[in-house]
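Time to open the notebook and jot down what I looked up today.

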Amino acid sequence: MNQTDYVRLSLELHLFFDRIMKEHSFFLETAFMEKDKDLKRIAADFQKSFSNILSRIVELANNNINQNFLNAGEMITNNTLEAEMKTSNLSGIEIDSNITRKQIELRSGIITVNERLINNISNINRRTLPLIQNLISLKTNILNSVLSCKMYTTNYPLLITHIINEAKMYYNLLNKIEKKEPFNRKYIYEQELFWNNIMKEHAEFIRGLLDPTEKELITQANKYANKAIA
Ligand SMILES: [Fe+2]
């Protein structure tokens with residue numbers, strides 16, 4: 001892996017996954033019962049840590065990412081800003097929308113690799129890896145407590161498993177990039193299979209969260225779930 005690919009893949013990976021990690025932390029924070037308020041605080045700290053990383057990455061990415069990546073729309077959607085403002089408003093939990101505004105304004109450019117940029121990226125990568133590990137441990141502890149009936153959260157056990165698996169994927173990809181290991185064909189194929197299953201689960205979570213009267217949406221979510229595994 002050359003230095004340009006190292007910078008590009010690191011930036012793209014963080015832009016995609018940091019937001020997911022902070023959203024997972026938000027899901028955890030809102031789902032605890034009052035007796036687990038210490039865990040609420042821990043989840044909130046994770047949300048802040050991943051927001052800080054994302055904010056720094058967005059600064060570094062400006063004029064340093066491919067237009068193709070921006071066109072793919074995998075970082076944010078047209079609804080992200082409005083959705084997070086509403087979510088913050090309804091939950092009373094602060095969500096830094098400035099990061100999203102900066103992401104909307106991100107400009108593409110040709111990556112100009114220099115020692116400073118590589119050092120900055122490498123520092124972020126090495127700082128993020130243990131943070132992801134810690135978040136995986138927290139999620140795993142929560143899942144074990146839920147499955148052994150020691151804790152109740154409003155998240156499905158499958159949702160907790162799902163967000164553990166996404167965090168593990170982030171960790172594995174980042175670890176590979178940091179070691180500058182190339183991605184072979186088999187690995188890319190496995191990623192495809194992984195995401196098909198993840199998309200199926202997203203549709204199933206939506207189905208399960210709908211009001212029973214929303215029959216059309218339930219049917220639609222079911223269709224998506226079946227399509228993802230077809
Ligand atoms: Fe997901």
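Helices here are DSSP runs (H or I, at least four residues), numbered from the N terminus. I am working with a predicted model, where local features need pLDDT of at least 70, side-chain atom pairs count only at pLDDT 80 or more, and totals for chains, interfaces and linings use all residues. Residues are numbered from 1 along each chain as its sequence is written, and side-chain values use heavy atoms, with hydrogens and water left out.

**Lysine.** I found Lys139 in helix H6 (residues 115–147).

**Iron.** Which protein donors does the iron ion have? I noted His162 (NE2), Glu166 (OE) and His202 (NE2), 2.0 to 2.2 Å from the iron ion. Donors are N, O and S atoms within 2.8 Å of the metal (3.2 Å for Na, K and Ca); water is not among the atoms, so sites may look incomplete. His162 lies in helix H7 (residues 157–178) and His202 in helix H8 (residues 185–209), so the pair ties together parts 40 residues apart in sequence.

**Domains.** An automatic or database assignment gives domain 1 (3–183) and domain 2 (185–230). I got 0 salt bridges between domain 1 and domain 2.

Definitions and conventions
Helices (H or I, at least four residues) and strands (E, at least two) are DSSP runs, numbered from the N terminus. A salt bridge is a side-chain nitrogen of Lys or Arg within 4 Å of a carboxyl oxygen of Asp or Glu.
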